[in-house]
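Trainee: I would like a close look at a single part of this model. Please take me through it piece by piece.

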Amino acid sequence: MKIENPLLLDWATPFNTPPFEIINTSHFKPAIEEAISIAEKEIREINDNTDLPTFKNTVEKLEMAGDKLGRITSVLFNLNNAETTKDLQKITQEVSPLLTRFSNDITLNARLFNRIAEVYKTREVSGLGTEEKILTEKKYRNFILGGAALREENRTRFREITEELAMRSLRFEENVLEETNAFELHITNENDLDGLPERVIEMAVMEAKNRNKKGWVFTLHFPSYVPFMQYSSKRKLREKMLKAYSSRAFKKNTNDNRENVQKIVNLRLELAKLLGFNTYAEMVLGDKMADSPEKVEKFLHDLYKASRPAAFRDFGNIQRQATESGLIGKLQRWDWAYYSEKLKKKLYAIDDEILKPYFMLENVEKAVLGLATKLYGIKFIRNNNIPVYNPEVRTFEVYDNDGSFLAILYTDYHPRQGKSGGAWMTTYRDQKHTGGKETRPLVSIVTNFSRPTESSPSLLSFNELTTFLHEFGHSLHAILTRCTYESLSGTSVAHDFVELPSQFMENFAYEKEWLDTWAIHYITGEKIPQEIIAKIKAASVFNEGYACYRQLSFGFLDMAWHTLTDPVKTEVDAFEEEAMKKTELFPYVPGLNLSVAFGHIFAGGYAAGYYGYKWAEVLDADAFSYFTETGIFNRETAMSFRRNILEKGGTKNPLDLFIQFRGREPSIDPLLIRSGLKR
Ligand SMILES: [Zn+2]
């Protein structure tokens with residue numbers, strides 16, 4: 001008898017959540033193959049319809065096809081990021097070409113494309129609503145970008161390119177993960193711990209124990225790497241750590257990403273040209289708020305001009321601090337975090353170690369979720385009966401003010417082998433309201449926050465606090481959404497709009513009115529002192545000129561790779577050096593490279609889109625300035641933000657949504673003022 005594959009069955013779990021405990025790695029491939037054939041059948045039915053193409057019988061039907069497939073692949077990809085194994089990586093690699101081929105089969109299906117094109121052509125006169133029109137335009141663009149309008153002779157090449165790109169991006173990411181895990185700094189001489197806070201040393205002891213080693217082990221994972229760079233007084237060791245970090249996937253070993261970078265860039269260019277664009281950036285930007293490479297370049301350049309003096313000022317300040325502390329010669333990259341931390345402490349007398357006791361993870365979680373209650377009236381209730389993929393994962397039911405169910409929220413806080421670095425929000429199911437049925441989303445936040453140690457609970461750094469708020473902002477976008485179609489709901493918005501809800505939430509970390517309500521010392525229970533809050537706010541403009549400059553340098557690098565009009569022949573390091581020349585402040589160090597580990601643009605969805613972070617900062621600073629004008633907990637302002645931005649997904653033009661909320665077009669000034677670049 002055939003054993004039932006749980007991925008293909010209806011999930012008899014609370015809220016139809018994925019039944020992680022009965023899903024095996026071996027279930028994925030057969031389930032995906034089966035789900036693809038179901039989806040193919042659904043698409044055949046659209047094609048076989050002899051009625052004239054309409055929105056209902058074509059665009060909407062296509063939107064609803066492949067439901068099962070989406071459900072299975074989201075489990076696979078989410079697990080591959082948060083809880084991967086060699087086997088799971090292998091399966092992901094194996095199914096990746098199947099999925100690419102399937103999506104190519106849809107977009108390269110001439111008959112289907114003709115039907116979509118017919119609906120698209122008549123979209124202005126056929127009485128469609130705004131959401132239906134936008135969905136039609138989105139699907140049509142997908143077909144165009146998927147090669148639907150290509151001549152027969154170009155189609156084979158198109159398929160080859162997309163399949164190879166998918167494979168190379170996966171390998172790129174794996175190489176970075178392997179290289180991150182491969183390095184350890186093993187310290188056996190206690191003198192080498194000089195400058196490091198007790199808590200950081202304890203973590204290093206635990207790390208050494210885990211590896212059956214004596215002494216202390218530091219790694220390239222952020223909770224270990226970042227404090228080491230900030231506090232270690234041992235310059236040689238900082239240099240070693242930074243060089244290890246910045247040479248990941250750049251050592252001419254089997255994990256080297258140089259070839260992947262060049263191949264990915266060239267394949268993307270070839271793809272764009274095949275589809276009739278001059279550059280990859282031009283192709284990507286077509287449906288963004290900044291809808292051309294020229295607009296992006298101008299935006300980056302305007303901010304570059306505005307932040308350049310401040311960046312030089314910041315750099316000079318840190319160099320001076322270093323010289324005063326006895327550093328001879330020029331400030332190097334491995335000195336930046338260390339002397340920045342020293343100067344920051346001198347100017348504001350706060351550092352992460354002073355703040356952390358007030359940011360115990362349990363308290364932060366309660367406060368962050370509570371903030372959404374305060375702003376939007378929604379409630380979070382723990383539910384321990386929802387299946388999870390790791391015992392560390394926590395689950396909440398989310399309800400609206402009136403008691404109606406909104407979503408399930410998963411949280412997964414700490415680093416593990418098998419979890420990618422960084423922090424992200426993802427979904428196991430998106431919101432939709434089709435076929436007369438409302439489907440609410442399953443939303444997950446995954447982070448790499450410091451673990452508890454033997455003597456203290458998990459205490460977040462200020463940066464981790466803002467990271468939590470950031471990812472929670474994304475999750476609110478997914479949780480509160482009320483749309484009809486999945487492709488337009490939640491965070492399915494233009495890339496340079498998607499960081500508005502997340503970055504918006506970060507603003508609260510600087511607000512006394514909010515911190516006062518929850519931040520207490522985890523041992524003494526004492527409220528966070530007034531002067532510390534004032535210093536957090538004052539310190540928020542510290543090095544902001546430099547920080548802005550650095551983000552811009554990533555944006556310039558991203559645009560350089562993706563505005564090429566000819567295949568790149570230059571070596572990756574030479575190309576990068578040229579692209580980042582105008583924003584480089586440090587002396588050149590051979591053997592380091594950013595591009596080969598720049599997962600955002602080579603393995604994630606930020607190619608020709610990195611500028612979007614800064615773009616969204618303009619939006620978030622401007623949106624938050626409306627809150628500071630009306631009161632940061634003003635329910636009316638909050639509800640307007642909820643109704644006009646958070647609920648709407650991509651069902652309207654993002655500029656229109658912003659104007660509906662703010663009453664005018666976005667202004668760059670609130671950002672410049674917030675970062676201390678303008679008074
Ligand atoms: Zn984000």
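Which residues of α25 are buried?

Mentor: A word on the source: this is a predicted model, where local features need pLDDT of at least 70, side-chain atom pairs count only at pLDDT 80 or more, and totals for chains, interfaces and linings use all residues. Residues are numbered from 1 along each chain as its sequence is written, and side-chain values use heavy atoms, with hydrogens and water left out.

The buried residues of α25 are Thr-637, Ala-638, Phe-641, Arg-642, Asn-644, Ile-645 and Leu-646. Buried means under 20% relative accessible area, with a 1.4 Å probe and protein chains only. Helices are DSSP runs of H or I, at least four residues, numbered from the N terminus. An α-helix has 3.6 residues a turn, so residues three or four places apart point the same way.

What covers the buried residues of α25? The cover includes α16 (361-376), α17 (462-479), α18 (500-506), α24 (612-630) and α26 (654-662). Contact here means heavy atoms within 4.5 Å.

Now the helix itself. α25 spans residues 635-646, 12 residues in total. Asn-634 caps the N-terminal end of α25. One of its side-chain oxygens lies 2.8 Å from the backbone nitrogen of Glu-636.

His-474 lies in α17 and Glu-499 in the loop between α17 and α18, so the pair ties together parts 25 residues apart in sequence. Both His-474 and Glu-499 are buried.

Key:
Helix = DSSP H or I, 4+ residues; strand = E, 2+ residues; numbered from the N terminus. Expected span 1.5 Å × (residues − 1). Buried < 20%, exposed > 50% of the residue type's maximum accessible area, 1.4 Å probe, protein only. Polar contact = N/O pair within 3.5 Å; in protein donor to acceptor, adjacent residues only side chain to side chain.
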